[in-house]
Amino acid sequence: MAQLSLKHIYKRYPNGFEAVKDFNLEVADKEFIIFVGPSGCGKSTTLRMIAGFNSIEGGDIYFNDTRINDMDPSRRNIGMVFQNYALYPHLTVEQNIAFPLVNHKEGKEEIRRRTLEMARLVQIEDLLKRKPGQLSGGQQQRVAIARALVKRPDILLLDEPLSNLDARLRLEMREEIRRIQTETGVTTVFVTHDQEEAMSITDEIVLMRTGVVQQQCPPQQMYLNPANRFVAGFLGNPPINFFRLDVCGGTVCLAEDYMLRVHGAADGPVLVGIRPEAWRLGQGLRTAAEAVEMRGKDLLVTFSLAGERARAILDITAGVAAGDAVELTLEPRLVYIFDPETGARLDAEVAG
């Protein structure tokens with residue numbers, strides 16, 4: 001049985017803006033799921049409806065078999081971690097963590113025991129006497145997570161929890177959040193706009209756009225099998241390249257000397273999506289490297305294709321420099337065919 005169920009959720013604000021449209025979701029017990037999408041897509045609004053901070057204009061939310069649409073947030077047994085941490089500046093770390101237990105009038109020994117347990121879990125037991133102003137951003141985030149978990153919530157909600165951290169701390173804290181979730185087994189819903197963050201730590205991604213779910217599945221599946229142009233374009237760094245071309249007699253001409261076979265697409269205009277990592281050195285497309293950027297163990301090579309700028313990710317041992325002539329071939333599994341008008345992915349198979 002699902003721990004959390006959202007059925008046909010709808011949210012419209014008084015100004016007429018439709019923030020969430022017919023949202024459906026099943027989150028199993030102990031699952032870690034991420035809402036991701038651009039700003040304004042409805043992900044934080046949905047999270048706040050689960051928490052009870054936003055009203056629901058349509059649909060139903062269930063915790064197991066209990067409908068919670070009108071349940072007060074204080075009765076939902078949810079742990080919430082906010083973007084700005086929302087710590088009490090006048091309280092110590094220990095008092096911040098303990099606050100939900102004090103509020104529920106737990107016994108002093110129980111409060112002390114569970115506070116220390118959470119501090120050890122998030123590895124801040126040596127900071128208990130400090131105040132938030134004496135902590136780094138990563139330390140404050142750990143305090144916020146400990147405070148959310150100390151009351152043993154049924155569901156943990158995290159709203160852009162890493163957006164105020166620098167790049168190194170973001171990487172460290174996302175790994176820590178995954179560790180903490182694994183150790184506690186708490187059902188977790190995490191909101192972010194960062195697709196790399198979403199791809200790295202979750203069991204399943206819900207990708208949203210203008211209040212509508214575009215695709216929901218495990219990260220690798222979404223990356224390899226995008227449902228539409230938006231999904232393909234949102235995931236991937238560097239992003240996928242799109243080319244407006246024509247299918248003619250079962251083939252697409254990328255260049256005078258390079259064609260792809262396309263099975264299952266009618267003759268006519270299509271949008272061809274090619275991920276940069278689809279390219280590799282080999283007999284096929286003859287072109288010139290217009291720019292080369294070293295990215296760790298890879299080279300990002302920019303070249304021209306079908307009148308557009310294209311990118312290829314090659315191994316650094318390829319030894320390609322700007323101005324060099326190169327010959328490239330494609331991995332067909334990372335080439336996708338879309339309807340040029342609707343952006344829907346076509347049921348077409350690409351072959352080299």
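**Group meeting: a first look at this chain**

Of the 352 residues in this chain, 52% count as buried. Keep in mind that this is a predicted model.

First, the overall picture. The chain has eight helices and 21 strands. Its C-alpha trace spans about 80 × 45 × 35 Å along the principal axes. The chain exposes about 16,600 Å². Carbon and sulfur atoms supply 47% of that area. Now the contacts.

Next, two helix pairs. Start with H2 and H3. H2 covers residues 93-103, and H3 covers residues 108-121. Their axes come within 9 Å. They cross at roughly 130 degrees. That angle makes H2 oblique to H3. The crossing of H2 past H3 is right-handed.

Which residues of H2 and H3 meet? On the H2 side, look for Glu94, Ile97, Ala98, Leu101 and Val102. On the H3 side, they meet Ile111, Arg112, Arg114, Thr115, Met118 and Ala119. By type, the residues of this contact are seven nonpolar, one polar and three charged.

On to the second pair, H4 and H5. H4 is residues 137-149, and H5 is residues 167-184. Here the axes come within 11 Å and cross at roughly 20 degrees. Are H4 and H5 parallel or antiparallel? They are roughly parallel to each other, because angles under 35 degrees count that way. H4 passes H5 in a right-handed crossing.

Who makes this contact? From H4 come Gly138, Gln141, Arg142, Ile145 and Leu149. From H5 come Leu169, Glu172, Met173, Glu176, Ile177, Ile180 and Thr184. The residues of the H4 contact with H5 divide into six nonpolar, three polar and three charged.

Last stop: one glycine. Where does Gly236 lie? Look in the loop between helix H8, at 229-234, and strand E11, at 241-248. Is Gly236 buried or exposed? Gly236 is buried, because its relative accessible area is 11% and the cut-off for buried is under 20%.

What does Gly236 touch? Leave out residues up to four places away in sequence, and Gly236 touches Gln195, Tyr223 and Arg275. Then there is Glu196. Gly236 and Glu196 are 40 residues apart along the chain. Their C-alpha atoms are separated by 7.8 Å.

To recap the helices: H2 is oblique to H3, whereas H4 and H5 are roughly parallel. And Gly236, in its loop, is buried.

Key: Residues are numbered from 1 along each chain as its sequence is written. This is a predicted model: local features need pLDDT of at least 70, side-chain atom pairs count only at pLDDT 80 or more; totals for chains, interfaces and linings use all residues. Side-chain values use heavy atoms; hydrogens and water are left out. Axes are lines fitted to C-alpha atoms, for helices over the stretch in contact, and angles run from 0 to 180 degrees between N-to-C directions. Helices (H or I, at least four residues) and strands (E, at least two) are DSSP runs, numbered from the N terminus. Angles under 35 degrees count as roughly parallel, over 145 as roughly antiparallel, 65 to 115 as roughly perpendicular and the rest as oblique. A crossing is left-handed if the near helix is turned anticlockwise from the far one by less than a right angle, and right-handed if clockwise. Contact means heavy atoms within 4.5 Å. Ala, Val, Leu, Ile, Met, Phe, Trp, Tyr, Cys and Pro count as nonpolar, Asp, Glu, Lys and Arg as charged, and the others, Gly among them, as polar. Buried means under 20% relative accessible area, exposed over 50%, partly exposed in between (1.4 Å probe, protein chains only). Accessible areas come from the Shrake-Rupley method with a 1.4 Å probe; for residues, only the protein chains shown count as cover.
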